[in-house]
Amino acid sequence: MNSFSFHNPTKICFGEGAVEQLASEVKRYGSNVLLVYGGGSIKRTGLYDRVLQQLNAAEVRVVQLGGIEPNPRLSSVQKGIELCRTEGIDFILAVGGGSVIDAAKAIAVGVPYEGDVWDFLVHKATIRESLPIGTILTLSATGSEMNGSSVISHWEEKQKRGFTSSYMYPRFSILDPTLTFSVPRDQTVNGIVDIMSHVFEQYFSLTKDTPLQERLCESILLTVIENAERALDKPDDYTARANLMWCGTLALNGGLISLGMDNDWSSHGIEHEISAIYDIPHGAGLSIVFPNWMKYVMNERPDRFAQYANRVWGIERNGKTETELALAGIEATRDFFTRIGAPSTLADFGIGTEQLDRMAYEAVRFGSIGSFKKLDQADVRAILQHCL
Ligand code: NZQ
Ligand code: ZN
């Protein structure tokens, strides 16, 4: 196990009715609030009215920024930064999924920075300040509600980049599973794949002697698998939604489950290049990339893949070689994704070979990616080829 330090400052308010805690939380941080939300789902579900009631009760001034896109765009972030400056905003409240939260984080660090916020995403500047943010999560997927990361798309340049800073942890996040009852089937599936993928990025590691971390990862995977079809069959199943929500938060909250382990993150890097150009949902891209990445890298450490097959999918050894067991686990992953309705090929989105070279080039623009197996441009190109 490697040495580590860990600090996660986000307060979590979890459970049905947790939205009622919004007024008292907001009052602690500001009096001029920017309310950030997406394309309108919060208006359709009535959450918007409940949030405004709470903000009213908190006696804060509210300025609104709606219309944040899935795969949030730099242009929306820049608009938010301008709004914060002209309106004297001192607190940002994000109400939505990962895209809304990520946009809010980028706005928060962009306000006190005199240059273009994109500088942070291309490693041209370091974050030194931020406005405080809080979130109300409406979709279980990214973990953005309890981590310091944000992913923003520069649509005109077809670039999608992530950045991480301790300044971007939300001060609080309200997690009410009933707010996810309205998430459509396809977005629920995307979220499930994303949560599992966050665990994969950490679990498939070359670091040795980490039994607790491995079991933490496996327990999240098992819990997601147990609850996924339940939530898909009955979208208002509180237990299933609650379990998925907490799994999503724990799967990516500053690395709690994999402290002391090297992480990989190359599949996320590859997926971001696909959604940068084709604007497909992040989870859908991961469903295509991950099983292909697994096959490409499994020989680096077949024992970890064999353990995964056995402990997560219950595949017995029964005289199988380690390689056979590893492959069976990857097959089980692919089958599960397909069974819940996630895509398996780029062709499912009408994507051909046209941009593969560009995506491979961009994925390694700042150097090779991954740690389980370091991937260069040719490796990424080969994995993308398998995704066709
Ligand atoms: O925009 P609205 O109208 O709110 O609709 C959204 C959106 O269309 C809808 N939705 C959300 N909650 C809903 C709902 N519809 C009905 N009822 C609800 N309760 O779902 C759609 C997708 O929302 P989005 O926020 O885009 O999804 P997700 O949470 O999966 O976020 C994806 C983004 O997060 C990034 C991804 O790359 C992508 O840009 N990621 C962020 C990470 C992080 N910050 O740590 C890590 C991830 O790996 C990921 O890269
Ligand atoms: Zn992800």
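Analyst: Two residues are in contact if their C-beta atoms, placed from the backbone, lie within 7 Å. The model is a predicted one.

User: Which residues does F120 touch, not counting those up to four places away in sequence?

Analyst: F120 is part of helix α6, residues 118-121. With residues up to four places away in sequence left out, the residues that F120 touches are V109, A125, I127 and F163.

User: Is F120 buried or exposed?

Analyst: A residue counts as buried if 20 or more other C-beta atoms lie within 10 Å of its own. F120 has 23 other C-beta atoms within 10 Å, so F120 is buried.

User: Where does the largest nonpolar core lie?

Analyst: The largest nonpolar core has 116 residues, and V36, I92 and I220 are among those with the most contacts inside it. Both domain 1 (11-179) and domain 2 (184-387) give residues to this core, so its place is between domain 1 and domain 2.

User: Which residues come nearest to ligand 1?

Analyst: The shell around ligand 1 draws at least three residues from each of domain 1 (11-179) and domain 2 (184-387). Among the elements that give two or more residues to this shell are α2 (41-45) and α5 (98-110). Of the 37 residues around ligand 1, the nearest are G38, G39, P70, G97 and G98.

User: How many residues of the shell around ligand 1 are charged?

Analyst: The shell divides into nonpolar, polar and charged residues. Of these, 10 are nonpolar and 25 are polar, and the number charged is 2.

Note on methods: Residues numbered from 1 in each chain as written. Chains lettered and ligands numbered in written order. Predicted model: local features only at pLDDT ≥ 70, side-chain atom pairs only at ≥ 80, totals over all residues. Near = placed C-beta within 6 Å. Helix = DSSP H or I, 4+ residues; strand = E, 2+ residues; numbered from the N terminus. Nonpolar A, V, L, I, M, F, W, Y, C, P; charged D, E, K, R; others polar. Domains from an automatic or database assignment. Core = buried A, V, L, I, M, F, W, Y, C linked by C-beta atoms within 7 Å. Buried ≥ 20, exposed ≤ 12 C-beta atoms within 10 Å, placed from the backbone.
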